[in-house]
Amino acid sequence: MFKRQTHIASLALSLALGASPSSAQDALTLRDFARNRDVLVHLYRPKAEGACASERRCPVVLLSPGTGLSHTAYSFLAQALAKDGYLVLAVQHELPTDAPMPNTGHLLRDRSPTWQRGADNLRFASRELASRMPEYRWDQPILLGHSTGGDISALLATQSPGFASTLVTLDHRRMALPRDASLRVLSLRGSDFEADPGVLPSPAEREALGHCIVNLLDARHNDMNDAGPAALKARLVNAVVQFLRQGHCVESAPVP
């Protein structure tokens, strides 16, 4: 069901937890015949992949990029997570044939079809690979997305409670985070834009749900990718990895 191109690339991770300088990576094109659509994915395999087996499955991260960015534009974070034992499946939601995402009008309503397409991509890709890679934990993956990728991830978690164990967003701004106490939630907020009203839980909701909303000082929305400053990338990796390991906020005080 997919055309596979496998290559081994030597990639340096500038900062962030001393990630391995080289890792096996798979570039895949999955064909969703029901939607007549190709879904491009990139796999970042755990450094100790041999430790993953059907009896002790390794966790999965579904990574979604921001608008206009490639699914491979977050290698600093994907490689750090792979080094920490995760299989990272980075998914490209935009194709050259897609209409541009609306930038005016009622954004929540008008962008919803774009987010829905992304959520469908994530569902399809995880289903398609689950039978081929039984050594990974596909039943409750971790959703991770930047900007529009965070909106997509929040929509999927809202539509399908129980689909994911954890939701991590990097400065998404439009789609409300699910108010679900069974879901671990971390949202890292940039310093140059605010989320729309109702997107983030109130202080009372955060306390009741145990969700983690962290304000990153001097962190620009458009810098949260491979092209951003090394110091910011190290902060993002630290916050995400420590949250996944320990389940608590790091970096700075929660947003008031």
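Select D171 to begin: this residue is buried, with a relative accessible area of 0%. Buried here means under 20% relative accessible area, exposed over 50%, and partly exposed in between (1.4 Å probe, protein chains only). The model is predicted: local features need pLDDT of at least 70, side-chain atom pairs count only at pLDDT 80 or more, and totals for chains, interfaces and linings use all residues. Residues are numbered from 1 along each chain as its sequence is written, and side-chain values use heavy atoms, with hydrogens and water left out.

**Stop 1: D171 and its strands**

Stay on D171 and check the backbone. Its phi is near 55 degrees, a positive value in a residue other than glycine. D171 sits in the loop between β7 (166–170) and β8 (184–189). Helices (H or I, at least four residues) and strands (E, at least two) are DSSP runs, numbered from the N terminus.

Now select β8. Five of its six residues are buried, so β8 is largely enclosed by the rest of the structure. β7 and β8 pair in the parallel sense over five bridges. Pairing requires that DSSP finds at least two bridges between two strands.

Four bridges join β9 to β8, and the two run parallel. Pick L188: V214 in β9 stands opposite.

**Stop 2: N36, for contrast**

Jump to N36. This residue lies in the loop between β2 and β3. Its phi is positive too, about 55 degrees, although N36 is not a glycine. Is N36 buried or exposed? N36 is exposed, with a relative accessible area of 59%.

**Stop 3: V39 in β3**

Move on to V39, in strand β3. V39 counts as buried, at 0% relative accessibility. Show its contacts (heavy atoms within 4.5 Å). Leaving out residues up to four places away in sequence, V39 touches L28, T29, L30, V91, N121 and F124.

**Stop 4: R45**

Next, select R45, in the loop between β3 and β4. R45 counts as buried, at 12% relative accessibility. Which side chains make polar contacts with R45? One is D26, at 2.3 Å. Another is E49, at 2.6 Å. A polar contact is a pair of N or O atoms within 3.5 Å; within protein, one must be able to donate a hydrogen and the other to accept it, and residues adjacent in sequence count only if both atoms are side-chain atoms.

**Stop 5: the cores**

Select L89, W138 and L143. These have the most contacts inside the largest nonpolar core, which has 36 residues. Such a core is a set of buried Ala, Val, Leu, Ile, Met, Phe, Trp, Tyr and Cys residues joined through side-chain atoms within 4.5 Å. Color the elements that each supply at least two of its residues: β2 (22–32), β3 (37–44), β4 (58–64), β5 (87–92), α3 (112–130), β6 (136–146) and α4 (148–159). The largest share of this core, six residues, comes from α3.

Center on L89. Not counting residues up to four places away in sequence, L89 touches V41, H42, L43, V61, L62, L63, A125, L129 and W138.

Finish at V214, L216, L236 and V241. These are among the members of a second, separate core of 34 residues.
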